[in-house]
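Keep the picture open beside you and find each residue as it comes up.

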Protein chains: 2
Amino acid sequence: MNKGCMIVCDGGNGAGKSTVLKSIAQHLQAQGCDLVITREPGGTPIGEKIRDILLSTDCSEMCDVTELMLFAAARAQHVREKIIPAIKLGQVVISDRFDSATVSFQHFARGLPLDLIKMLNEIAIDGFKPNITIILDLDPATGLERVGSRGSQLDRMEKENLEFLRNARKGYLEQAKDDPDHFVVIDASQPLEDVIAEAVKVVDQVVYG
Amino acid sequence: MNKGCMIVCDGGNGAGKSTVLKSIAQHLQAQGCDLVITREPGGTPIGEKIRDILLSTDCSEMCDVTELMLFAAARAQHVREKIIPAIKLGQVVISDRFDSATVSFQHFARGLPLDLIKMLNEIAIDGFKPNITIILDLDPATGLERVGSRGSQLDRMEKENLEFLRNARKGYLEQAKDDPDHFVVIDASQPLEDVIAEAVKVVDQVVYG
């Protein structure tokens, strides 16, 4: 049995998180790894209901503080109901986004005070920390093009403007710079197979290193 | 034009909040008062979606911290989108529950730390305070009987046991004792007309005093 751990894949929309996550999962499953694949906001039945509110384009009146508290509420449930129990069972948890996204989007992009965000994150995660957060780094203009080419409707967060997304990107890079033991940045403008190869290397180090 | 103000009606389930609120509203409307009648959790389209999650019996897995953050998220939206703008317009806001309920239920009944609750309330309400909170005080056993006789399905919070409700009641009484300028306790075991008469007197003092 592996030691339980948590790997987060994060970054701007269109950076390839879903594809990279799927490849990481296939790689680990092929080695018989006991996986829990999850996402934020969401990951639990209650969290998914909160996700619906956060991403609904009906909710354009949402205040920044409301948004922050909803992310924190979903995360509190996610950590207690799903992540910690899985790790205790020795499972490997892979999450599409986690607390790093709140710091990037709600502080660097929305401008809410960093202290407030860190405090709410701390209450939500109660001392827990992912083993590694992989940031897929991409120019938001390229990311938006990729999201647009999917042809699906944009959600409330994806409708934000380019400056907002550039500030969020800056937030990811700064977090990675400040905590190199828990963050790895991968250049997501590379060919997809190179991005995946880099990500798999990072994951192997965490799970088997 | 009256000066805008906010009156909260709070207390355990079955204490008569809805009936008393309706009577207060009729009394003020008869005098040409410009009213906004609202409730917590809820009061805005986003808040009502959050209310659905909070009260749904599907959500029995909800952690205490998640619950607290959802109440705070709904309140943050309520204050910014509805309450403050109404008060600025000189309207009288009457709310079925507000921050006092979170202190009673999440601290005194659930046992979450008071500091944490006060901090989240403070972030949610951003320095705002209702002019008066009327507590309808009733023995929870009597309250439960009244709720039961309505014949409607109990929501997630109403399904809590008697000890939980007794602790919440204690919380209301302690808050009122600690802040007599902002709280009034009315004995809700009296005949309804007496409860209403007392409440109307308090409201007149706030609106016209």
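1. Let's begin with A:Arg97. Is A:Arg97 buried or exposed? A:Arg97 is buried, at a relative accessible area of 14%; buried means under 20% relative accessible area, exposed means over 50%, and partly exposed is in between, using a 1.4 Å probe and protein chains only. You will find A:Arg97 in the loop between strand S3 (92-96) and helix H4 (99-109) of chain A. Helices (H or I, at least four residues) and strands (E, at least two) are DSSP runs, numbered from the N terminus. A:Arg97 is not a glycine, yet its phi is positive, about 80°.

2. A word on where the values come from. This is a predicted model, in which local features need pLDDT of at least 70 and side-chain atom pairs count only at pLDDT 80 or more, while totals for chains, interfaces and linings use all residues. Residues are numbered from 1 along each chain as its sequence is written, chains are lettered from A and ligands numbered from 1 in the order in which they are written, and side-chain values use heavy atoms, with hydrogens and water left out.

3. Now look at A:Asp126, which also has a positive phi, about 55°, without being a glycine. Its place is the loop between helix H5 (114-125) and strand S4 (132-137) of chain A. A:Asp126 counts as exposed, with 60% relative accessibility. Most residues other than glycine have a negative phi, and most peptide bonds are trans.

4. Next come two cis peptide bonds. In chain A, the bond from A:Glu40 to A:Pro41 is cis, with omega near -15°. A:Pro41 sits in the loop between strand S2 (35-39) and helix H2 (45-55) of chain A. In chain B, B:Glu40 and B:Pro41 are joined by a cis bond with omega about -10°, and B:Pro41 is in the loop between strand S2 (35-39) and helix H2 (45-55) of chain B.

5. Which residue forms a salt bridge with A:Arg75? The partner is A:Glu40, at 2.7 Å from N to O. A salt bridge here is a side-chain nitrogen of Lys or Arg within 4 Å of a carboxyl oxygen of Asp or Glu. A:Glu40 lies in the loop between S2 and H2 of chain A and A:Arg75 in helix H3 (residues 64-88), so the pair ties together parts that are 35 residues apart in sequence. Both A:Glu40 and A:Arg75 are buried.

6. Another pair to find is A:Glu48 and A:Arg39, whose salt bridge has its closest N and O atoms 2.6 Å apart. A:Glu48 is partly exposed at 23% relative accessibility, and A:Arg39 is partly exposed too, at 34%.

7. A:Arg169 and A:Asp137 also meet through their side chains in a salt bridge (2.8 Å, N to O). This pair links distant parts of the chain, with A:Arg169 in helix H7 (residues 162-178) and A:Asp137 in strand S4 of chain A, 32 residues apart. A:Arg169 is partly exposed at 29%, whereas A:Asp137 is buried at 13%. Elsewhere, salt bridges that share partners join A:Asp64, A:Glu67, A:Arg110, A:Arg156 and A:Glu160 into one network. Over all chains, the search finds 18 salt bridges.

8. Now turn to where the two chains meet. How many residues of chain B are in contact with chain A? There are 24, and they touch 24 residues of chain A; contact means heavy atoms within 4.5 Å. The buried area between the chains is about 2100 Å², and carbon and sulfur atoms give 83% of that. Buried area is the accessible area (1.4 Å probe) that two parts lose on being put together, summed over both. In chain B, B:Ile46, B:Met69 and B:Ile123 lose the most area to chain A, together 25% of what that side buries.

9. B:His78 is buried, at 0% relative accessibility. Leaving aside neighbours within four places in sequence, B:His78 has contacts including B:Thr38, B:Glu40, B:Ser95 and B:Phe98.
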